Amino acid sequence: MTQTPEPVDLLIEAGLVVPVEPHGVVLEDHAVAVRDGAIVAVLPIAEARARFTPAETVSRPGSALIPGLVNAHTHNPMNLLRGVADDLPLMTWLQEHIWPVEAAVVGPQFIADGVTLAVAEMLRGGTTCANENYFFPDVEAATYQRLGFRAVVGLPVAQFANAWAASEDEYFDKAIGVHDQWRGDGLVSLAFVPHAPYTVSDAAFGRIRTLADQLDLQVHLHTHETAQEVEDSVREHGQRPLARLDRLGLVNERLVAVHMTAVDDAEVALCAARGVSVVHCPESNLKLASGFCPVAKFEQAGVNLAIGTDGAASNNDLDMFGEMRTAALLAKAVAGEATAFSATSALRAATLGGAKAMGLDDRIGSIEPGKQADLALVDLSPLETQPLFNVFSQLVYATGRHQVTDVWIAGRRKLAGRELVDMDAEAVVANARQWRERIAGIQAK
């Protein structure tokens, strides 16, 4: 009996499919079928053509289909501050340059415009999900939703006042309001983002622990970013930051620990035992001379690793291909071992590792039936990525983000042939330029 073909919305045929899970697998001449925004099947092209009748077929024999990249730590509105203050140490950069400019410009329009610029950049680089950490989460959530981009939007908490909140109590009140507005959304998820151990009180951390458990939210936190941060914590609290967080009940599977450069072996073991996820931001850490995350030690201990760009004011881009490459190379130098943090591990950290850190690994991060169709096609046919021996090596060590040709989020096409589908790139650039004039005027005063 002849089987009736199944209708699907989309069939993507690729010379190579890199599902990420199972680890290290590459599927040649395979197709991914998508229906209602989700992956229905991953199978050889010939079988797919016999089984499905797609409304649309995209065939890329010279390309690799990968899960959309997951930027596990970023401050996307800060794209409008790209290049404002460079070649400075962290606290000088923050206190004397970034915070004063932010005080003058941060508001709803700055947030919306900065996120819009960032989304355009990320899509053109194959990134389909961001772990957002900034102010005005209500505006961020609305902007990501309007643009059809997947994000975990952080609910900020800090002791310092700004245009979003004047006190820790106000941070919490507004956080609950944003959570109630956006919980259950298909693209926008939420997490707590206490700024850092040195800007959040014990009482606030205690409230975060309680609320995170009640609301089932991750806690996304800069910590152990520099040796100075650790020294200051010992002086002020009598404990290193991770020990203090552990005392307050926050070192658990909800903790997304960002940077983690100044750590000892006992802290690595503690993260492994408690299920903490570590987000490595190598280029930002290098640029600010913040230190080196011991990625190989975390990997050997079994800690879930993710990769983030940090904000464009300290990187200065949102290029996850560049970040993967830097992460893999730097890990080898820090460990003194050429086998440390392989290209395969780097790609996993930039996809499924990030998804797991953000509590989204049941939905995204790998190309598996049942998951959301967050996908990117990477053209490996140009001379810069030939000859092709090892797909993982080529993606991590040789490929540039300009080779991303097509991107989907929840099955919706967001990039087609390098062109943004539903964003006006010229308008985005023009808007960024007017912000440049405004911010330059503030700096000149």
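How much space lies in the largest cavity? About 320 Å³, where a cavity is, on a 1 Å grid over the protein atoms alone, a set of points at which a 1.4 Å probe fits but cannot get out, and where a volume is the space filled by probe spheres set on the points, the points being joined across faces, edges and corners. Before I go on, please keep in mind that this is a predicted model, in which local features need pLDDT of at least 70 and side-chain atom pairs count only at pLDDT 80 or more, while totals for chains, interfaces and linings use all residues. Residues are numbered from 1 along each chain as its sequence is written, and side-chain values use heavy atoms, with hydrogens and water left out.

Let me stay with the largest cavity. Of the 27 residues that line it, His75, Met78, Leu94, His195 and His222 are the closest to its centre, lining residues being those with an atom within 4 Å of a point. Helix α2 gives the most to this lining, with 6 residues, and α2 (90-105), β7 (150-157) and β8 each supply at least two; helices (H or I, at least four residues) and strands (E, at least two) are DSSP runs, numbered from the N terminus. By class the lining has 18 nonpolar, 6 polar and 3 charged residues, where Ala, Val, Leu, Ile, Met, Phe, Trp, Tyr, Cys and Pro count as nonpolar, Asp, Glu, Lys and Arg as charged, and the others, Gly among them, as polar.

Now to the largest pocket, a pocket being an open set of points with protein on both sides within 12 Å along at least five of seven lines. About 470 Å³ of space lies in the largest pocket, which is lined by 29 residues, with Asp216, Gln218, Met358, Gly359 and Leu360 nearest its centre.

Strands β1 (residues 6-17) and β2 (residues 27-35) run antiparallel and are joined by 7 bridges, and the bridge partner of Ile12 in β2 is Val32.

Finally, the structure holds 6 aromatic pairs, counted when the ring centres of Phe, Tyr or Trp (its six-membered ring) lie within 6.5 Å, with planes under 30 degrees apart called stacked, over 60 edge-to-face and the rest tilted. The rings of Phe110 and Trp435 have their centres 5.3 Å apart and their planes at 85°, so this pair is edge-to-face. Phe110 lies in helix α3 (residues 108-124) and Trp435 in helix α15 (residues 425-444), so the pair ties together parts that are 325 residues apart in sequence.

Terms used. Two strands pair if DSSP finds at least two bridges between them.
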